[in-house]
Amino acid sequence: MDTIFAQATARGKSGVAVVRVSGPDAVAGVGTLCALPEARRAALRKIYDGNGGILDEGLVLVFPEGSSFTGEPVVELQLHGSIAIVQAVLRALDRIPAFRPADAGEFTRRALGNQRLDLVQVEGLADLIEAETEAQRLQAQAVLAGALSEKVGEWRNNLIEASALLEVTLDFADEEVPVDVKPEVAARIRAVKTSLESEIAGFAAAERVRDGFEVAIMGPPNAGKSTLLNAIAKRPVALTSEIAGTTRDVLEVRIDLDGLPVTLLDTAGIRETQDVLESAGIELARSRARQADLRVWLDLDGASPPDDVDIVLRAQDDKGSLGGISGKTGHGVSALLDQIGSVLAERVPQSRLAIRERHRSAMTRAARLLQIASDGLEHGLVPELVAEQLRDASSCLAEIVGGIDVEDLLGEIFGRFCIGK
Ligand SMILES: Nc1nc2c(ncn2[C@@H]2O[C@H](COP(=O)(O)OP(=O)(O)OP(=O)(O)O)[C@@H](O)[C@H]2O)c(=O)[nH]1
Ligand SMILES: [Mg+2]
């Protein structure tokens, strides 16, 4: 196994930059560049280039095998965050035999290989690094801490026990079975199925917390949609003018709304028009708004809004009459944001452990098998077949944490990691 190294902190100038080295030769190799402190004790050390020149002075930490992020021996160098120092240290590491630069996500991949994390925790970690808002942080942290892994363990235990109960029936097939196990088996299947269904139901919202909600600003031309977007963004994102039909493309602004990631969409004003480009813009506006999580309509002329809009506000309400909004003066803008925030917050369920499509898919397959099993149980299907459905359902759930058949998933998951993680 190679010993790998990479900068673990972001590229560029910073107060401190961390370079991480992991692998069987980490201690011996880095030991040729600096005097190593005892394990898990930080010490200030001069770091040499291997030819007698000093590269930097920084904190050095050694984590022994089994007590590091990757599970391998790890050495971390906390250097001055200068691009030149980091580059020089990386070059010195590259000259050490058996050392090579790490691929994207390779440290985490080794942590997975050494069972320091399971597959869902790897996904939680990826989300945590990406997290920009409070809701994203909380969701990712729950998954990284093992909440989903525990839940999967609970479901599988229940199913394994249920199929064991059925197998007891098989063993006693010729004799009189001491107790009827069916009610107990049925209750366990029901409990797991209900719990799976609630996770599946929460998936759409959990996915939104991860990827962000979309809120479309719609309305007739000149209502002040782009002016409102600029007011919320606090910068000139969209062109505005008194010419009706200014906006053609859909413009996006990402904001943090009470911890929820929200992308606001400014769209083309909706009206009948002969202009080919404008009508293409209107078509785009309609289709993006349809897919959005929430639609806000700015009303200018009292014309009735499309049926599916969620919030209707009187536009250009500079005088501040009840319920109106003005991007120009800012009147009503924070009330609108509060309203959007509370509508979206209601859609975020308490339990949201299924954060990826592959989790939802495995849970859906398992729930379907449990439905077949419970129908079978009720209609007198032979216990062997019911037990088989339960085992299959349990294998579907095992895929989530990476028990089986996940090799092809790994490339996809790790491809999205950054180098140094
Ligand atoms: N008095 C007043 N004028 C506004 C307000 N909002 C926008 N306007 C003006 O109305 C005109 C149209 O504003 P835009 O923001 O471009 O309107 P829009 O809805 O994006 O228009 P389209 O992109 O053409 O659909 C501009 O001249 C703005 O300065 C407002 O709240 N009060
Ligand atoms: Mg506009």
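Figure 1. A polar side-chain atom of Ser326 lies 2.7 Å from an oxygen atom of ligand 1, while one of Asp318 lies 2.6 Å from a nitrogen atom of the ligand. The model is predicted: local features need pLDDT of at least 70 and side-chain atom pairs count only at pLDDT 80 or more, whereas totals for chains, interfaces and linings use all residues. Residues are numbered from 1 along each chain as its sequence is written, chains are lettered from A and ligands numbered from 1 in the order in which they are written, and side-chain values use heavy atoms, with hydrogens and water left out.

**Figure 2. The shell around ligand 1.** Among the 21 residues around ligand 1, those that come nearest are Lys225, Thr227, Gly245, Asp318 and Ser326; a residue is near if one of its heavy atoms lies within 4 Å. The shell divides into 4 nonpolar, 13 polar and 4 charged residues, where Asp, Glu, Lys and Arg count as charged, Ala, Val, Leu, Ile, Met, Phe, Trp, Tyr, Cys and Pro as nonpolar, and the others, Gly among them, as polar.

**Figure 3. Arg288 and its two glutamate partners.** Arg288 is found in helix α9 (residues 276–291); helices (H or I, at least four residues) and strands (E, at least two) are DSSP runs, numbered from the N terminus. The side chain of Arg288 makes a polar contact of 2.9 Å with that of Glu252 and another of 3.2 Å with that of Glu214.

**Figure 4. Two loop residues with positive phi.** Arg40, in the loop between α1 (26–30) and β3 (43–48), has phi near 55°. Its relative accessible area is 55%, so Arg40 is exposed (buried means under 20%, exposed over 50%, partly exposed in between; 1.4 Å probe, protein chains only). Asp258 lies in the loop between β8 (251–257) and β9 (260–266), and its phi is near 50°. Asp258 counts as exposed because its relative accessibility is 69%.

Terms used: A polar contact is a pair of N or O atoms within 3.5 Å; within protein, one must be able to donate a hydrogen and the other to accept it, and residues adjacent in sequence count only if both atoms are side-chain atoms.
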